[in-house]
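Hi everyone, thanks for coming. Have a look at the model on the screen while I walk you through a few parts of it.

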Amino acid sequence: MAAAQPKSFVRIVGASLVGTTIEWYDFFLYASAAALVFNELFFPESDPLTGTLLSFLTFAIGFLARPIGGLVFGHYGDKVGRKKLLVVSLVLMGGATFAMGLLPTYAMIGAGAPLLLILLRLVQGFALGGEWGGAVLIVSEHGDDARRGFWASWPQCGAPGGNLLATGVLAVLAAVQTDAAFESWGWRIPFLISGVLVVIGLWIRLTVAESPVFLAAAERAGERAHAPAVEVFRTSWRQVLVTIGARMAENVSYYVLTAFILVYVTTGLGLARSLGLTAVLVGSAVHFVSIPLWGALSDRLGRRPVYLFGAIAMAGWAFAFFALLDSRSTPVIIAAATVGLVLHGAMYGPQAAFFSEQYPTRVRYTGLSVGGQLSSIAAGAVAPLIAVALFQKYDSTIPVSIYVVAMCAITTVAVFLAKETAGTSLHDEPALAAR
């Protein structure tokens, strides 16, 4: 497959990165706010840890809409194209996040406040469910086979990029405002900023050309009836299971490293919230840089070896992470989060190319989105909730570490059962049943 022209391809990668960064900014902003202030603003009648549990429950509810979004966006993305659906997802996500900045709190309208919060969270989840698959495909299907791991990893950088942006804005506000001012009105600012970011993202994303791989497949199919949402479960169910299993450790570890850390540092260790935010901020910056390096390494060594290294290393780090946090030392806490996120990148970097190469073009958007988002319910949706519940019940982080290790074991098995896909042509119909 011929590579796209350098200038146009770099623009495609840049547009995908900017779009995913904005959407993940919106999504992670909610996660950070759930850990820091939503318990007091929307669930003020509960004790701190129970309020945080309820806050993270609304965070988890957003994940329930992600497979639905993946199915809907994937189905139409495989029928009418990747680009159109990416524009719709960005508008939905940005609109919901902006509206959160205008929400009344529990003190203003009572029980209606958390209900409105949940509704907007569902819209966020629906939009993100369709965003990820399209964003990685628009790059994967434009690029060349030999360097797909590197180029397709750039949209993945949108996750730490968005987290970096969300955490950075919150950290600045926490530094320049009193806690009272932040909880009164300052928390709204990052959500309202989303409106500006969406306008920028749309302007960039509308310049992207449609995937040539999709256009070629659509031309071959002609007017033939095509139902990707049905076909993916009939012809590619093994690949869907591999996708789900491979994401378990990646998803769970990420939310423990970036969301639960905020709870443990403040509630468990009694340290300043700014310390947890700084650790996530620095870790996300290094994470951003490491992801393309892991993607490039997967082009040389293969997707499976790099991914397996990440899963196995994360299992070991699950215990070291909390031991380092318990030091209460600022540099050590920052290092703990940073190393953890670098190890996470070994799974996240090759992931876009690895998963894209699992499916034929006719169902690629659907399979990638549905498999990825179904795993989000079992993994990311409940990870902060389970971590907080385990810590609350046992007053120890050891059960949380064991939980992460169990997810790493599932991922290791799933990746081991998948075939190596590095260098696969996306113009071919891959026969990648599990070994």
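Before I start on helix pairs, a word on axes: they are lines fitted to C-alpha atoms, for helices over the stretch in contact, and angles run from 0 to 180 degrees between N-to-C directions. Helices (H or I, at least four residues) and strands (E, at least two) are DSSP runs, numbered from the N terminus.

Now the ground rules. This is a predicted model, where local features need pLDDT of at least 70 and side-chain atom pairs count only at pLDDT 80 or more, while totals for chains, interfaces and linings use all residues. Residues are numbered from 1 along each chain as its sequence is written, and side-chain values use heavy atoms, with hydrogens and water left out.

Okay, the overall picture. The protein has 19 helices and zero strands. Its radius of gyration (taken over C-alpha atoms) is 21 Å, close to the 22 Å that the globule rule gives for 435 residues, so the protein is as compact as a globular protein of that length. That rule, by the way, is 2.2 Å times the number of residues to the power 0.38. Along the principal axes, the C-alpha trace spans about 60 × 40 × 40 Å. Of the 435 residues, 61% count as buried; buried means under 20% relative accessible area, exposed over 50%, and partly exposed in between, with a 1.4 Å probe and protein chains only.

Next, the helix pairs. The axes of H13 (residues 237–268) and H16 come within 10 Å and cross at roughly 150°. That makes H13 roughly antiparallel to H16, since angles over 145 degrees count that way, under 35 as roughly parallel, 65 to 115 as roughly perpendicular and the rest as oblique. The H13 and H16 crossing is left-handed, so the near helix is turned anticlockwise from the far one by less than a right angle; clockwise would be right-handed.

What about H15 and H16? Their axes come within 9 Å and cross at roughly 160°, which means H15 is roughly antiparallel to H16. H15 also passes H16 in a left-handed crossing. By class, that contact of H15 with H16 has 23 nonpolar, four polar and two charged residues. Here Ala, Val, Leu, Ile, Met, Phe, Trp, Tyr, Cys and Pro count as nonpolar, Asp, Glu, Lys and Arg as charged, and the others, Gly among them, as polar.

Between those two helices, H15 (303–325) and H16 (330–356), there's a loop, and arginine 328 lies in it. Its phi is near 65°, a positive value in a residue other than glycine. Most residues other than glycine have a negative phi. Arginine 328 is partly exposed, at 44% relative accessible area.

Where else do we see a positive phi? Aspartate 395 has one, about 50°, although it is not a glycine. Aspartate 395 sits in the loop between H18 (383–394) and H19 (398–417), and it is exposed, with a relative accessible area of 63%.

Last stop, H17, residues 364–378. Twelve of its 15 residues are buried, so H17 is largely enclosed by the rest of the structure. Among the buried ones are Tyr365, Leu368 and Val370. At 1.5 Å a residue (times one less than the number of residues), H17 should span 21 Å, and its end C-alpha atoms are 22 Å apart, which agrees.
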